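I opened the notebook to record what I looked up, chain by chain. The entries follow the order in which I looked.

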Amino acid sequence: MGDVSVAAQARPVAIGPVTLRRHQVVGLFYIVLAAIMAVLAGGGVSAGASSTFDLNASGVAVQLPKLIVPSAGTAYVLSGLCAFVGAIQLVRGFGTRNGIAIGAVAFLAVAVFLVWAASGRSMNIVGVLQATVQRATPITLAGLSGVLCERAGVVNIAIEGMLLTGAFVAAVAGSAFGPWIGIAAAALSGGGLALVLAVLAIRYRVDQIIAGTIINIFALGITSFLSARVLTDVPELNNPDRLQPIAIPVLNDIPIVGPILFANNVFVYSMFILVGVLHFGLFHTRWGLRVRAVGEHPRAADTVGINVLGTRYRNVFLGGLIAGVGGASLVIGASGRFDREMTAGRGFIGLAAMIFGGWAPVGAFLASLVFGFADSLQARLSVLNVPIPSELLLMVPYLVTILVVAGLVGRARAPAADGRPYEKE
Amino acid sequence: MTEPTTPPPAAEPTAPPATAAPAQAPASAPPPGPATRLARVLGSLVVPILAIVSGLFIGALVIVFSDREIVGLLGRDPLAGLGAAVDSVSRAYGALLTGSIGDPGRIADALASGDARSFERAFRPISESLVRATPLIFAGLAVALGFRSGLFNIGAEGQLYLGAIFAVFVGFTLTGLPWFIHLPLTVLAGFLGGAVWGFIPGILKARTGAHEVIVTIMLNYVAYRLLDLLLKNQPFQRAGSANPISKIIEESAEMPQLIAGLRVTWWFPLALLTAAGVSWLLFHSTRGFEFRAVGLNPGAARYAGIRIGRTLVLTMMISGALAGLAGASVMIADEGTLTPGFSPGYGFDAIAIALLGRSRPLGVVAAAILFGILRAGATPMQAATQIPIDLVVVVQSFIVMFIAAPALVRTIYRIRTPRVSGTEVFSKGWGT
């Protein structure tokens, strides 16, 4: 896979009589993007308008001054910076630091967009970032579930169904026995579906994407069926207590960072911990080495005495537990009730985050933040009455996913035995 | 054209397509005579039939155990509870059958009397089943075609939306055309709309290696939002309506009814014709040979000079176009207006149908009619017994599970395992 994309990068593009190298095409693209941003954002705001960014979360002690910038001027400056990056790219390229250039351009584009959207209004940036972390939580948990399964060589496309089932079970068990039992039951329901996936994929060697799709269809059907048949009759079963945010003393008072990272609910904290634990576990322990061996070369792993099928069963089950908790976070951590099809593709977005993050826990988390940001920004913009149809904003997370998968999957490499059943000889 | 940038997928020695029927005789067997061929056809039906029976049985369990009264009764008085359970299930499945196939007595009476009204009433359930089956045939063919080239098109639902959007647009904007021009244009628009939505994952896969599963799923969500957006704005929204509902298509764009008084239209024979066309394309044309070659062994196909990238794009476009026809077939009928959620998940049923039909056009038609019956019967079942229509989805998921894991059915029913070698894998993870 990788060698082909390198070949594609080196291929010159002929535009009329001029032949351009790939980095020059990208440079031109950046410059055109800068021009578009300058015209749309710089010219699109009324003269003399300013954009206000509130840097304070609600109810914190230390108040920071609001950041007020002239809309048009700032947009022009940021677009100019973008054009500057494009010029360097055009002249000599960034070589190995290409990723940083892409990141800088993306950051500038988002900044210009924010300046335009906040023109004549006040936008609470800390609020957006706070929501980013919260909305990234189920996506990260889905991504971590994917990392665990795929590092052991099992493609788990059923995460969506596990999230949905987890959400349903969390709502019912949480209403009946309290939030903690709700979370535990949700985790077990995800684990149960994961065992079905594992048996189908490992024991019966069903194609893993088909097995996952079957579980997704089943989860969609059974949760819709039960919510229509049971929850509409007994609404008390769809009213679990929500877990409130717990502010961590002292850390919580740090301006900007404090409210974003240290005033969250249990799901967010456990996600942070899980990202760290899985990163350490996968890359710095004997367990992780074995898991990765099973995912890369099961025959070799088997030869040295690693139990390939056992490792796969265990990892898929663990992945299911995590996905179940992710589903619970949607109900007990956020909405407080179950709704039909409420996951809205977050499981799949989590898979995309896993791919974007290079099958690594930290990468998956960072990628989830991108999706969380897109999601929280669209929610904030629709509140602010920004003149963009809300449907277009709602498309953004999905479009970002497509861009990410199209742009990066070629460079990231999946575990070599991902998706292939293993048969002992 | 430059060389297609499709990666050479790693040579995969043990990768027959998912559709290779495990019940098939080994390749070394002598050429079958008529008797053995019949036996083989019957043999290949055993697993699907057992899968359907098992799926319905599990559906019955779901009905029983989601009913608090029956569960309570089972605890207090098992025998009475069992009676109530059997009664509840037979009422539900009875309503499902009379709602989808009809009441045999009524059909006999109608045929005897020859009265038009009673004829309509007697055959309405079958007509409804065929109405439901029509988009399922198109969408099932779409997914099956993808499977044959090793592509998993989960995006039939989104492609179906785009087909419906395009078809309705042509249906209400062009006015004053005779039907024999307008109707084909509308059908063509549906075809193109789906093809456009199928082109995107195709080109992304060919050029960047983006896995079609993720891209098509995301495009489904984009299609839902797109429809919501269009229905709230001109030119789609119906004048004077505050609801998200489209203008009505012109009468000249409507597909005529097959039999006066029944809702089933000429779309149904058109769907059968399309199935025949897909069968010809796949098994008797050069292009179809290339599709299947890429699906069976991309490495070998590349060596043989087949352009994999172009084949992938073309397959996704045709697959999308077929799904687009499914959307058009829902729209270009008697109602002719677009509303959000006009499809009860036809595109997802299509995956189950393609698997159940083993990606063969004839199998797809049979499976689509079965699912049409389930879908058409579910609504009257809900009306008569308050059992939510989502039961059908649960039943479907089990049917497909038993189909996809034939070894599971053989284990449950203790059928002797035929000698097959290799494993059923056709998707090879994200990288390839």
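**Entry 1: the contact between the chains**

I began with the contact between the chains, which takes 52 residues from chain A and 50 residues from chain B. The model is a predicted one. I asked which elements of chain A supply at least two residues each to the side that touches chain B. They are α1 (2-10), α8 (208-231), α14 (346-356) and α16 (390-408) of chain A. α8(A) gives the most, with 16 residues. I then sorted the residues on this side of chain A by class: 36 are nonpolar, eight polar and eight charged.

**Entry 2: the sheet in chain A**

Next I looked at an open sheet of three strands in chain A. Its order is β4-β3-β5, and the pairing is mixed. Which strands are at the edges? I found β4 (67-70) and β5 (122-124) of chain A there, each pairing on one side only. The twist averages 25 degrees from one strand to the next.

I followed one pairing further. β3 (residues 50-54) of chain A and β5(A) run in the parallel sense and share three bridges. In one of the pairs, A:T52 has A:S122 of β5(A) as its bridge partner. I also noted what lies across these strands. Helix α5 (residues 125-151) of chain A lies across β3 and β5 of chain A, at about 35 degrees to β5(A).

**Entry 3: α3 and α4 of chain A**

I turned to a helix pair in chain A. The axes of α3 (residues 71-91) and α4 (residues 98-117) of chain A come within 9 Å and cross at roughly 165 degrees. That angle makes α3(A) roughly antiparallel to α4(A). The crossing of α3(A) and α4(A) is left-handed.

I listed who meets whom. On the α3(A) side, the residues include A:L78, A:L81, A:C82 and A:V85. On the α4(A) side, they include A:V105, A:L108, A:V112 and A:W116. By class, this contact has 14 nonpolar, four polar and no charged residues.

Most residues other than glycine have a negative phi. A:E341 has a positive phi, near 50 degrees. A:A344 also has a positive value, near 45 degrees. I placed A:E341 in the loop between α13 (308-335) and α14 of chain A. A:A344 is found in the loop between α13 and α14 of chain A too.

Are these residues buried or exposed? A:E341 counts as exposed, because it has 11 C-beta neighbours inside 10 Å. A:A344 has 18 C-beta neighbours inside 10 Å, so it counts as partly exposed.

**Entry 4: chain B overall**

I moved to chain B. Its secondary structure comes to 16 helices and zero strands. Of its 432 residues, 53% count as buried. I also looked at the contacts in chain B with a separation of 6 or more: residues 24 or more positions apart account for 77% of them.

B:Q234 and B:P235 are joined by a cis peptide bond, with omega about 5 degrees. B:P235 sits in the loop between α8 (212-231) and α9 (267-284) of chain B.

**Entry 5: α6 and α12 of chain B**

I then took a helix pair in chain B. The axes of α6 (residues 156-173) and α12 (residues 308-331) of chain B come within 6 Å and cross at roughly 55 degrees. α6(B) and α12(B) are therefore oblique to each other. Their crossing is right-handed.

I noted the residues making the contact. From α6(B) they include B:Q159, B:L160, B:G163 and B:A167. From α12(B) they include B:G320, B:A323, B:G324 and B:G327. The classes are 13 nonpolar, five polar and no charged residues.

**Entry 6: B:G163**

B:G163 has 39 other C-beta atoms within 10 Å, so it is buried; the cut-off is 20 or more. What does B:G163 contact, beyond its neighbours within four places in sequence? I found B:G190, B:G193 and B:G194, and also B:A323, B:G324, B:L325, B:A326, B:G327 and B:A328. Lastly I checked B:G363, which is 200 residues from B:G163 in sequence and 24 Å from it in space, C-alpha to C-alpha.

Notes:
Residues are numbered from 1 along each chain as its sequence is written. Chains are lettered from A and ligands numbered from 1 in the order in which they are written. This is a predicted model: local features need pLDDT of at least 70, side-chain atom pairs count only at pLDDT 80 or more; totals for chains, interfaces and linings use all residues. Axes are lines fitted to C-alpha atoms, for helices over the stretch in contact, and angles run from 0 to 180 degrees between N-to-C directions. Helices (H or I, at least four residues) and strands (E, at least two) are DSSP runs, numbered from the N terminus. Angles under 35 degrees count as roughly parallel, over 145 as roughly antiparallel, 65 to 115 as roughly perpendicular and the rest as oblique. A crossing is left-handed if the near helix is turned anticlockwise from the far one by less than a right angle, and right-handed if clockwise. Two residues are in contact if their C-beta atoms, placed from the backbone, lie within 7 Å. Ala, Val, Leu, Ile, Met, Phe, Trp, Tyr, Cys and Pro count as nonpolar, Asp, Glu, Lys and Arg as charged, and the others, Gly among them, as polar. Two strands pair if DSSP finds at least two bridges between them. A residue is buried if 20 or more other C-beta atoms lie within 10 Å of its own, exposed if 12 or fewer, and partly exposed in between; C-beta atoms are placed from the backbone.
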